[in-house]
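Please keep the sequence and the structure in view while reading.

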Amino acid sequence: MKKQNLILLISVIIISLSGCKNKEKIEKINLTKEIFYEMPIKNPYFDETTPWYYNNIEKESRLEFINLLISAAKSGKYTLLDYQGKELDPNKLTDAFCFVHPIFDSISDTLICYEIEDIAYLEFEENWEYDQNTGKIFKEVHGISPCFSIEQKLGYEGKEFRKIFSLQPKLTDSEEKEYDKVITERIVYDAFIINPHFQIKKENYNAITLEKRKEYINSIFDKVKNEEIQCYDYYFSPIPAAEASQILYSKDTIQVMDPNPPYDTRDTVVENSLNAEDITKIRFMEKWSINTKSMEMHKEVIGISFLYTSYIGDIPGYMHVFWIFFDEDYQKKLLDEKSS
């Protein structure tokens, strides 16, 4: 009898463990095989009320990371491309810090030279996948490019990012990859998924195909409606399930006046819905690490938020929808930081 009970207990444990494994199993779906986007690592919109990790890596860590990239580029161990996508000789890397650019209200072009401290943007070339069970995004970094922004120097015309070089890490197939250097414990930044720069015709630049975009965003919206995932507001506080659903779809009754005499008013039902096509950006909260021997970079996606474009007159702005986090303990940590 005792033996039978022991066998039964072992069977229950095995089934339970199997259930846990299936629950935690990651089922990855491709979101985009390639996407290029620029992002700030030195906050261009300084505000004392803005957390340090928004569009920013703290100065010491930022300079250490940039110097690491430059040292790797000079080593000759990695494939190096210039701003035109042509192979770059590491011995000519210093020349890439200077380039000729027209100055506003000036007849002649001017040679602009930048310093390492001026590097405030990075362009990434990545592959994105997501777990269909949780919506968590996984990124594989194929290229890292330090960039200059023409806007950083007063008097220069137009908006333009200029890559100094693009370094391609040595990617490995190992599932258990080692990252010996933490670049930043936390960074928040926005990535376009609909290209806002129509003059730039580069494929996959700040863009994901409509089909893939809708597939992913609708999967998140469905999980919210079905109360499978918890949403959080801009300040990381939980949003009740009913309110979260209303963000995505709501009905309002308003009074509309008849333009003709006797100008009676009537109740009219207005439907407000947020569709996947409306989402123009994904806001990421991430932890960055790197393998200093292969320059293989790891971006651990902690949480995401969707943003859609909203206009005040002709001026575009971006409205935050809600945060979702892939680790509830991390959300609690953020709340604790805000209250301390």
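The side chains of lysine 177 and glutamate 296 form a salt bridge, with N and O 2.9 Å apart. Lysine 177 sits in the loop between β8 (166-168) and β9 (181-192), and glutamate 296 in the loop between β14 (279-290) and β15 (297-312), so the bridge ties together parts that are 119 residues apart in sequence. Lysine 177 counts as partly exposed because its relative accessibility is 26%, whereas glutamate 296, at 4%, counts as buried. The model is a predicted one, and it holds 11 salt bridges.

## Charges around strand β5

Lysine 163 forms a salt bridge with glutamate 123, and their closest N and O atoms are 3.2 Å apart. This pair links distant parts of the chain, as lysine 163 belongs to strand β7 (residues 161-163) and glutamate 123 to strand β5 (residues 121-131), 40 residues apart. Lysine 163 counts as buried at 14% relative accessibility, and glutamate 123 likewise counts as buried, at 5%.

Strand β5 also holds glutamate 125, which is buried yet has no salt bridge; the nearest side chain of opposite charge is that of lysine 163, 6.9 Å away. Leaving aside neighbours within four places in sequence, the residues in contact with glutamate 125 include Glu34, Phe36, Glu140 and His142.

## Helix α3 and its partners

Helix α3 comprises 16 residues (residues 210-225), which should span 22 Å at 1.5 Å a residue, and the 22 Å between its end C-alpha atoms agrees with this. Its buried residues are Arg213, Tyr216, Ile217, Ser219, Ile220, Phe221, Lys223 and Val224. After the helix comes glutamate 227, which has a positive phi, near 60 degrees.

Lysine 214 lies in helix α3 and glutamate 277 in the loop between β13 (265-273) and β14, so parts that are 63 residues apart in sequence are tied together. Both ends of this pair are partly exposed, with a relative accessible area of 30% for lysine 214 and of 40% for glutamate 277. Elsewhere, Asp190, Lys281 and Arg283 are linked in a network of salt bridges.

In soluble globular proteins, nonpolar side chains tend to be buried together. Here the largest nonpolar core has 63 residues, of which Trp128, Phe165, Tyr216, Trp288 and Phe306 touch the most other members. Helix α2 (residues 59-75) contributes the largest share of this core, 6 residues. Another core, of 11 residues, lies apart from it and has Tyr53, Met285, Ile302 and Leu334 among its members.

## Cysteines

Which cysteines does the disulfide join? The structure holds 1 disulfide, and it joins cysteine 98 to cysteine 113, with an S to S distance of 2.0 Å. Cysteine 98 lies in strand β3 (residues 98-102) and cysteine 113 in strand β4 (residues 109-113), so the bond ties together parts that are 15 residues apart in sequence. The torsion about the S-S bond is about 115 degrees, so this disulfide is right-handed.

Cysteine 98, at 29% relative accessibility, counts as partly exposed, as does cysteine 113, at 39%. By contrast, cysteine 147 counts as buried at 1% relative accessibility, and cysteine 231 is buried with a relative accessible area of 1%.

Terms used
Residues numbered from 1 in each chain as written. Predicted model: local features only at pLDDT ≥ 70, side-chain atom pairs only at ≥ 80, totals over all residues. Heavy atoms only, no water. Helix = DSSP H or I, 4+ residues; strand = E, 2+ residues; numbered from the N terminus. Expected span 1.5 Å × (residues − 1). Buried < 20%, exposed > 50% of the residue type's maximum accessible area, 1.4 Å probe, protein only. Core = buried A, V, L, I, M, F, W, Y, C linked by side-chain atoms within 4.5 Å. Salt bridge = Lys/Arg side-chain N within 4 Å of Asp/Glu carboxyl O. Lys, Arg positive; Asp, Glu negative; His and termini not counted. Contact = heavy atoms within 4.5 Å. Disulfide = S-S within 2.5 Å.
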